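Here's a quick briefing to read alongside the model. Keep the viewer open and click through the strands as you go.

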Amino acid sequence: MKFTPIANGYSIPLDSVPALGWPDFAACLADGVRRGQRVSAYFGAAGARPDSTKLYAILADDEANQTFAGLTEVEGGSFPSLTGEITQLHLFEREIAEQFGLVPVGHPWLKPVRSVRSWTKRDAWQRKAGEPLVPGGCDFFKVEGDEVHEVAVGPVHAGVIEPGHFRFQCHGEEVYHLEIALGYQHRGIEAALLGGPDRRSLHYMETLAGDTTIGHATSYCQIAEALAKCQKTARAQVIRAIGLELERLANHIGDLGALAGDVGYLPTSSFCGRIRGDYLNLTALLCGNRFGRGLLRPGGVGFDVDEARVAEFRRRLAIFKKETYNAIGLLWENQSVMARFEDTGRISKAIALELGLVGPAARASGLACDARCTQPSGIFRFAQIPMSVQDSGDVFARAFVRWLEIQKSIDFIQEQLAVIPAAMPQPLLGPLAPDSLALSINEGWRGEICHVAITDSNGRLARYKVVDPSFHNWAGLAYALRNQEISDFPLCNKSFNLSYCGHDL
Amino acid sequence: MIINLIVHFCLLILMPPLLLGIINKVKALFAGRRGPPLLQAYFDIGKLLRKGMVISRSTTWVFMAGPVVTLAAVFCAGTLIPLGRFAAPISFTGDLVLFAYLFGLARFFTTSAALDTGSAFEGMGAAREVTFAVLSEPALFLVFFVFVRLSGSLSLGEMLHLAPAGYVSGAVAPLVLVAIGLFIIMLAETCRIPVDDPNTHLELTMIHEVMVLDHSGPLLGIALYAAAMKLFVLSSLLLHVLQPFKSGLAWLDWLIFAGGMMVIAGTIGVVESVMARLRMNHVPHLLVAAIILCGAAFVLLVR
């Protein structure tokens, strides 16, 4: 038995995904990962019988440009953990345990992910109904010893960022272990989408992770279009891709500026802060909102562009391009900055592969995974952006991958604006296909965004799974800190720049 | 004479925050920003002194004494050091040892107040502060040895007031080395880039700022003011090496002194703008370099 191939951005009938027996399912999963496939999603859904739970797995094969869906159904309140064999499943299994009250038997570090109640009557930790659940309220991994000390940071941070709790086990300045507790931003988005789509659904997606508005909205729109069998216009696809790349530009430039700020290098820090705003304003030129809210809607785009707007856009972009090159060029020329970036927070290719990292963090460690190239959808099927890969896996590599991507994104936008397809009437979205499974994978600026939707017999959403790239990468940050100086934590953290709310949903 | 004493105390009390203003202005210019007003540090300290305080229940009198004793110690050090070409208010043989250990006293109370809070951050900051002090203190004494050797005196007033003639007779090379070493010591002692970043908000990377993290209101204002005064006192020490000339006119000499201090502040601003801070475990390398520079200067003189 094998997993079922499913094309990115398409839907298939649910009955074409056969439920495998557990041994087959586990063997297929292990076999796929052994051959270099990544687990893009692994989640539970209500089973056919009251006491059973369906487990879906989505595998992405970056070399063969294919994606596969697997399904199994488990009975009762537990299932065997595969984390020992497939490390990248560790957080997915904890999430299943939390959402469905299923105990992954043999999981090495079974803790809640977001500290929320399960969707079923079961609870994997046998907590009582009235017991208050506090994020970060569990025991943390502890290192014992006379000279070992513990440093707790957060959930309230010194910078104006999101809440998360970090627990360091240190020996002097050296970090032995870092454990990260999240869940403070949980809003219940997956549960709120059930029974949809309705008028709120798109807005949930746009605010799921505020800095990835276009990324998540693109995936959601693709899911809706796949289920409604809706053919969007080429022009809409180009505008979406431009929006996605603008989001990448603004965030990557902001990140490089913040990295410069963290090592106390002022010129790049100040210039990038301003230039990031310039790119956000370009997004506002397209749709009136700096973060791209309202730019996308299922079936196409919410705003078309006219010739005058394109001309203005190109004029501004040419100026910003020059300023971007100047500001960021300073960074690579400065020896003291490079001394801080190089060899800090190193993650080897093997570890990146084992943890299932995605996005710039994975490419910095030498993994060739970029959904725009390896799982292309939309306009990226026709116009590809070359993949940027480094192999040192340190803060420098993560910063330099961003810089390479900035250059390529600017070129891509300029090319696409020159050949933007003619306007055509946009299709209206019809009803969604019943009893179907739809998959959408996109490369947001932080990495792979994976959305999976399952519809019921009425064509309403029976399960909607969102996997933000941060969900894969938080473990990478914790690993990067091993045997590093604790004073380098802010720098490592910024080089990943992960989303708290994207993880907490 | 009396007028010079009054000017000495006026400058010591009033000028330190201006140096911070100059540094921040230079940094802003490099970053393409307008930057805060030149007098912002005065406004900040004034604002803090008028605020209330939040004091943790786990602290004792040591926490309150930290900034106060630090300011008093730095102020006393400021009375021992001659400013420009004028005599210091207090001067006696061997005052250089008192000068160095007044900073030691300040450090003891700052770090004790930090440890008194029981916070993990402040403990780390205190550990870093004393670790780096172990290296900067011998470097400072080597600087003094060079001057003692050159002047034959053990009093700060006499040894720092070398005649320009003393400079030409084979002492130029040692004094250049001492100037560089002293500049590094000053950056480390006053927690400037590349050793520490006074502007960072990241408590895990801080040295000095993290030790005053729990101080608020007037205590924080005093801590800020004491840090500025320390910068002033150490800068005036460096200025003696860089500017040995004397015009003979009191008002002109005071102007030259004030101008020299501003130039040093501007130089610190430039250094902070063009380089990133060092990785924490590389800071000792920089301080060892300062020891080697000052030690080499001393060896050149006694060879």
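This is a predicted model: local features need pLDDT of at least 70, side-chain atom pairs count only at pLDDT 80 or more; totals for chains, interfaces and linings use all residues.

Chain A has an open sheet of four strands and another of three, and 26 of its residues are in contact with chain B.

**The four-stranded sheet**
- Going across this open sheet of chain A, you meet the strands in the order S2-S14-S15-S16, with antiparallel pairing.
- Strand S2 (11-13) and strand S16 (461-467) of chain A are the edges, each pairing on one side only.
- On average, neighbouring strands here are turned by 15 degrees against each other, ignoring direction.
- Helix H14 (residues 469-480) of chain A lies across S14, S15 and S16, at about 135 degrees to S15(A).

**The three-stranded sheet**
- The order in this open sheet of chain A is S9-S10-S11, again with antiparallel pairing.
- Its edge strands are S9 (148-153) and S11 (174-181) of chain A.
- Neighbouring strands are turned by 20 degrees against each other on average, direction ignored.
- Seven bridges pair S10 (residues 165-171) of chain A with S11(A); one to look for is His171(A) with Glu174(A).

**Strands that pair with S6 of chain A**
- Ten bridges join S5 (residues 52-61) of chain A to S6(A), and the two run antiparallel.
- S5(A) and S6(A) form a hairpin with four residues between them, and Asn65(A) in the turn has a positive phi of about 55 degrees.
- S1 (residues 4-5) of chain A pairs antiparallel with S6 (residues 66-75) over two bridges, with Thr4(A) partnered by Ala69(A).
- S3 (residues 19-20) of chain A pairs with S6(A) in the parallel sense, over two bridges.

**Where chain A meets chain B**
- On the chain B side, 22 residues take part in the contact with chain A.
- S9, helix H7 (266-287), helix H9 (335-341) and helix H15 (489-496) of chain A each supply at least two residues to the side touching chain B.
- That side of chain A divides into 14 nonpolar, seven polar and five charged residues.

Key:
Residues are numbered from 1 along each chain as its sequence is written. Chains are lettered from A and ligands numbered from 1 in the order in which they are written. Two strands pair if DSSP finds at least two bridges between them. Axes are lines fitted to C-alpha atoms, for helices over the stretch in contact, and angles run from 0 to 180 degrees between N-to-C directions. Two residues are in contact if their C-beta atoms, placed from the backbone, lie within 7 Å. Ala, Val, Leu, Ile, Met, Phe, Trp, Tyr, Cys and Pro count as nonpolar, Asp, Glu, Lys and Arg as charged, and the others, Gly among them, as polar.
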